[in-house]
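Colleague: I would like a close look at a single part of this model. Please give the cut-offs along with the values.

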Amino acid sequence: MLNIVIFGAPGSGKGTQSDNLIEEYGLHHISTGEVLRDHIARGTELGKIADSYISKGQLIPDDLMIRVLEHVLDANPEKTEAGVIFDGFPRTIEQAKALKEMMAKRNTKVHAVVGLEVDEDELIQRMINRGKQTGRADDTPETIKQRLKVYHSQTQPLRDYYISEGKYHGIEGSGKVEEIFDRIRTSLNERVPEIAAMKAE
Ligand code: AP5
Ligand code: MG
């Protein structure tokens, strides 16, 4: 079993590279952004609350977000027990501590954190393009600016947190999607003992 966190600024390619990681390591994908957008689309109570934060580029409060993640993990035990890629969670130190507890309660842990590192101008351009192509509601210039601000103040400190835990794999996140995935795969295969063991099976 392998649990990976994919980490990075808005637009850094977390969702895109999750698809590759799922295929390579057979993991279950949990994107908290997608979970929340699904609730918004269905007009649930959680969706209404989430929309009031997402539309302003703010984070959903930690206590609510932690309960949502725990619920998602419990709702799909047979899928999540085989290993998860966490995309968009944790986003604060408090969420990282909660994830550590959630994993320990399930007799497992976060094995690695893949941090996609991309230049800010490129991030903005990618999100502006996606906004035009898909109409994603928070891909407007004003909200993108706010999301990046929130990322720097609340989420980026997690990089040091996971470096100190010896779990951080910093990856240059610009270039072709396949090239970036090659860098991720090389780093994980070389530095995560559980992956070497999986490969040897
Ligand atoms: P979330 O959905 O997680 O959004 P995000 O972090 O802002 O990231 P994105 O989904 O925009 O980007 P991505 O890194 O997945 O990149 P992608 O692969 O799509 O969260 C949305 C909101 O929900 C938050 O703002 C917050 O309000 C709330 N939320 C979610 N989780 C939360 C939590 N834990 N706590 C509190 N609140 C939470 O790529 C981006 C674009 O670039 C795509 O169009 C893609 O095709 C393109 N692209 C990807 N790779 C490349 C490449 N190599 N070259 C060129 N283009 C590329
Ligand atoms: Mg995403």
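Colleague: Which residues form one aromatic cluster?

Modeller: This is a predicted model, in which local features need pLDDT of at least 70, side-chain atom pairs count only at pLDDT 80 or more, and totals for chains, interfaces and linings use all residues. Residues are numbered from 1 along each chain as its sequence is written, chains are lettered from A and ligands numbered from 1 in the order in which they are written, and side-chain values use heavy atoms, with hydrogens and water left out.

The cluster is formed by Phe-7, Tyr-151 and Tyr-168. Rings of Phe, Tyr and Trp (its six-membered ring) pair if their centres lie within 6.5 Å; planes under 30 degrees apart are stacked, over 60 edge-to-face, and the rest tilted. This rule gives three aromatic pairs. One of them joins Phe-7 and Tyr-151, whose ring centres are 6.3 Å apart with planes at 45°, so it is classed as tilted. Phe-7 belongs to strand E1 (residues 4-8) and Tyr-151 to helix H8 (residues 141-155), so this contact ties together parts 144 residues apart in sequence. Helices (H or I, at least four residues) and strands (E, at least two) are DSSP runs, numbered from the N terminus.

Phe-7 also pairs with Tyr-168, edge-to-face, at 6.3 Å centre to centre and 80° between the planes. Tyr-168 is in strand E5 (residues 168-172) and Phe-7 in E1, so the parts tied together here are 161 residues apart in sequence.

Relative accessible area is classed as buried under 20%, exposed over 50% and partly exposed in between (1.4 Å probe, protein chains only). Phe-7 is buried at 4% relative accessibility, Tyr-168 is buried at 9%, and Tyr-151 is buried at 10%.

A pocket is an open set of points on a 1 Å grid over the protein atoms alone, where a 1.4 Å probe fits, with protein on both sides within 12 Å along at least five of seven lines; lining residues have an atom within 4 Å of a point. The lining of the largest pocket numbers 47 residues, and Pro-10, Gly-11, Lys-14, Arg-136 and Arg-147 lie nearest the centre.
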